[in-house]
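Here is a short tour to read with the sequence and the model side by side.

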Amino acid sequence: MHEPGSAAHHADMEEQPSDRLIDQRIRNRIMEALETLADGDEGVRREWPAEYFESFYDWVPHRGDGGMRPNSAISPDEEALLLQVSGILDDACDATPGNMTADELIATGWPKRIQPFAYKALNLMRARGRFSEENEEDAPSG
């Protein structure tokens, strides 16, 4: 712990991102997870089943874990579509065993059912763009 007012204390304060910046970064990570889901069977092959689910659940928890937390960088329309994606992904996760191969998960048909929901949410988020990872923004700049 550094003395308040010292240069070291000030440096510690600057390294801590604001809540808004964290929200912007989380929104960008959600977009990356949606890219995998929107790729359907190819996303499963690229990431394998555990990561296919977990890349989304890292940011939008399974309904059994409390669901999505408020995020100031996500619009109400984006949130509505993310909740649709979350719902169908939760159904898929609950209906499939945890230790499947990519081909076994693909054979269930879930990735093809999830794909259009993920694609719709991703396209809406892409229409606004990505937020800066370094600076707070009211609207996405990227």
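Does Arg-29 count as buried, partly exposed or exposed? At 23% relative accessibility, Arg-29 counts as partly exposed, because the buried class stops under 20%. We will come back to this residue and its partner below.

The mean pLDDT of the protein is 91, and 90% of the residues reach 70 or more. Confidence is lowest in helix 1 (residues 7-15), where the mean is 55, and highest in helix 6, at 98. Where pLDDT is low, the predicted coordinates should not be read in detail.

Searching the whole structure turns up 16 salt bridges. One of them joins Arg-27 and Glu-78, with the closest N and O atoms 2.7 Å apart. This pair links distant parts of the chain: Arg-27 sits in helix 2 (residues 19-38) and Glu-78 in helix 4 (residues 76-95), 51 residues apart.

Are the two partners buried or exposed? Arg-27 has a relative accessible area of 0% and is buried. Glu-78, at 1% relative accessibility, counts as buried too.

## A network of charges

Now back to Arg-29, which forms a salt bridge with Glu-133; their closest N and O atoms are 2.9 Å apart. Arg-29 lies in helix 2 and Glu-133 in the segment after helix 6 (110-128), so this pair ties together parts that are 104 residues apart in sequence. Glu-133 is partly exposed, at 25% relative accessibility.

Glu-35 pairs with Arg-126 in another salt bridge, where the closest N and O atoms are 3.6 Å apart. Here too distant parts of the chain are linked, with Glu-35 in helix 2 and Arg-126 in helix 6, 91 residues apart. Both count as partly exposed: Glu-35 at 26% relative accessibility and Arg-126 at 44%. A network of salt bridges links Arg-29, Glu-32, Glu-35, Arg-126, Arg-130 and Glu-133.

## His-62 and its neighbours

Next, find His-62 in the loop between helix 3 (41-57) and helix 4. With a relative accessibility of 15%, His-62 counts as buried. Which side chain makes a polar contact of 2.7 Å with that of His-62? The partner is Asp-94. A polar atom of the His-62 side chain also lies 2.8 Å from the backbone nitrogen of Gly-64.

Leaving aside residues up to four places away in sequence, His-62 touches Tyr-57, Gly-67, Asp-90, Cys-93 and Asp-94.

## Helix 6, end to end

Helix 6 has 19 residues and reaches 28 Å from its first C-alpha to its last, close to the 27 Å expected at 1.5 Å a residue. Where is the kink of about 25° in helix 6 centred? You will find it at Pro-116. Just after helix 6, Gly-129 takes a positive phi of about 100°.

The buried residues of this helix are Trp-110, Pro-111, Ile-114, Ala-118, Ala-121, Leu-122 and Met-125. What covers the buried residues of helix 6 includes helix 2, helix 3, helix 4 and helix 5 (102-108).

How values were computed. Residues are numbered from 1 along each chain as its sequence is written. This is a predicted model: local features need pLDDT of at least 70, side-chain atom pairs count only at pLDDT 80 or more; totals for chains, interfaces and linings use all residues. Side-chain values use heavy atoms; hydrogens and water are left out. A salt bridge is a side-chain nitrogen of Lys or Arg within 4 Å of a carboxyl oxygen of Asp or Glu. Helices (H or I, at least four residues) and strands (E, at least two) are DSSP runs, numbered from the N terminus. Buried means under 20% relative accessible area, exposed over 50%, partly exposed in between (1.4 Å probe, protein chains only). pLDDT is the predictor's confidence in each residue, from 0 to 100. A polar contact is a pair of N or O atoms within 3.5 Å; within protein, one must be able to donate a hydrogen and the other to accept it, and residues adjacent in sequence count only if both atoms are side-chain atoms. Contact means heavy atoms within 4.5 Å. The expected span of a helix is 1.5 Å times one less than its number of residues. The bend at a residue is the angle between axes fitted to the seven residues ending there and the seven starting there.
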